Amino acid sequence: MNAESVAIVGAGVSGLTCGVLLAERGYCATILADQTGAQTTSGAAAAIWYPYDAAPAHAVMTWALETYDVLAQLGEVSTSGVSMLELRTYAREGEIEVPDWAIKLGARRLTGREEPGLTNHFASGFALTVPLADTTIYLEYLTRRFQAADGAMREGVHFENLEEVPAEFGSIIHCAGLGARDLVGDKDLEPHRGQVAIIPKIDLTHALVCDDPPLMYAIPRANDCVLGGTNELSDNRAVDAGDTSRIVAECSRILQIKPPRLLAGRVGLRPFRKSGVRVASDRCRDGRVVIHNYGHGGSGFTLSWGCAQTVAQLLSHETRAAAAVEA
């Protein structure tokens with residue numbers, strides 16, 4: 001057991017996942033966050049496993065595949081909110097490229113015979129079974145699991161910089177997402193605004209995504225359905241009525257349904273980092289170890305467990321190195 005006291009800054013999916021992994025490995029872990037649960041960007045995510053809007057490709061796919069394995073296992077846990085679902089990815093023009101990693105996971109090309117109605121709107125597509133995390137359940141599951149491992153949470157906590165993290169914590173895991181622009185002055189971060197529309201549950205047995213303009217996706221969940229979306233450079237967290245109308249209209253057209261009743265609109269700012277996801281060791285000015293874990297873009301859930309495993313490895317290495325110096 002490792003009794004080192006660790007602060008995790010941020011309570012989105014990255015912070016919660018790191019918290020679970022470290023607490024279950026014996027660290028005295030505390031999550032410090034301004035916002036938690038549904039208030040975070042993670043709470044607005046469709047949260048279907050798929051590498052999106054994140055770089056660099058090699059590192060992203062390593063973390064993504066590690067996360068796939070963990071989430072697939074969690075799909076067997078009835079209380080986790082994770083399930084396995086067929087995702088159909090489309091191109092509006094031309095023959096879609098099926099990535100090598102998707103082929104290895106069993107991807108297959110779609111044919112017009114499978115769904116002639118939908119393929120009237122698209123030129124090609126492929127299908128792949130992937131994990132889906134229902135954020136209305138999964139984030140609470142992670143929180144319960146973290147607390148069951150003696151992890152602590154402090155809500156409503158805001159820092160101007162990481163040096164303000166209380167000195168009682170010997171190490172800091174930095175999972176603040178877009179907040180890293182201010183906390184560590186990272187100018188490479190930019191907000192990719194994503195808006196979704198939540199509608200009542202519809203008769204949809206698979207998820208579908210088309211990243212060609214106009215971006216659209218429909219993700220069925222246990223109690224509702226998420227329609228999307230947008231991906232624009234903007235800090236605006238307000239729900240835009242025009243975006244909602246366009247999202248609902250396009251998804252209704254593709255799904256060939258009447259415009260559904262709107263339950264809610266949500267906006268999240270994807271923390272895209274132009275120089276790539278940052279998972280790396282660092283030091284505060286006061287000498288404390290910092291492990292950064294941010295810049296996941298639209299792949300926060302998709303990379304969560306893989307990045308958390310790297311964070312744990314880096315923290316263990318730094319802890320051993322510090323012990324060797326003291327000895």
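1. Trp49 and Trp101 are both buried (under 20% relative accessible area with a 1.4 Å probe, protein chains only; over 50% is exposed, and in between is partly exposed). For Trp101 the relative accessible area is 15%.

2. A caution on the source: this is a predicted model, where local features need pLDDT of at least 70, side-chain atom pairs count only at pLDDT 80 or more, and totals for chains, interfaces and linings use all residues. Residues are numbered from 1 along each chain as its sequence is written, and side-chain values use heavy atoms, with hydrogens and water left out.

3. The whole structure holds six aromatic pairs (Phe, Tyr or Trp rings, the six-membered one for Trp, with centres within 6.5 Å; planes under 30 degrees apart are stacked, over 60 edge-to-face, the rest tilted). The Trp49 and Trp101 rings have centres 5.6 Å apart and planes at 80°, so they pair edge-to-face. Trp49 sits in the loop between strand 2 (28-33) and helix 2 (57-74), and Trp101 in helix 3 (residues 100-104), so the pair ties together parts 52 residues apart in sequence. Helices (H or I, at least four residues) and strands (E, at least two) are DSSP runs, numbered from the N terminus.

4. Tyr50 and Trp101 also pair edge-to-face, because their centres are 5.5 Å apart and their planes at 70°. Ring pairs join Trp49, Tyr50, Tyr68 and Trp101 into a cluster.

5. The largest nonpolar core has 68 residues (buried Ala, Val, Leu, Ile, Met, Phe, Trp, Tyr and Cys joined through side-chain atoms within 4.5 Å). Tyr138, Ile173, Ile219 and Trp305 touch the most other members. Another core, of 18 residues, lies apart from it and includes Cys225 and Val248.
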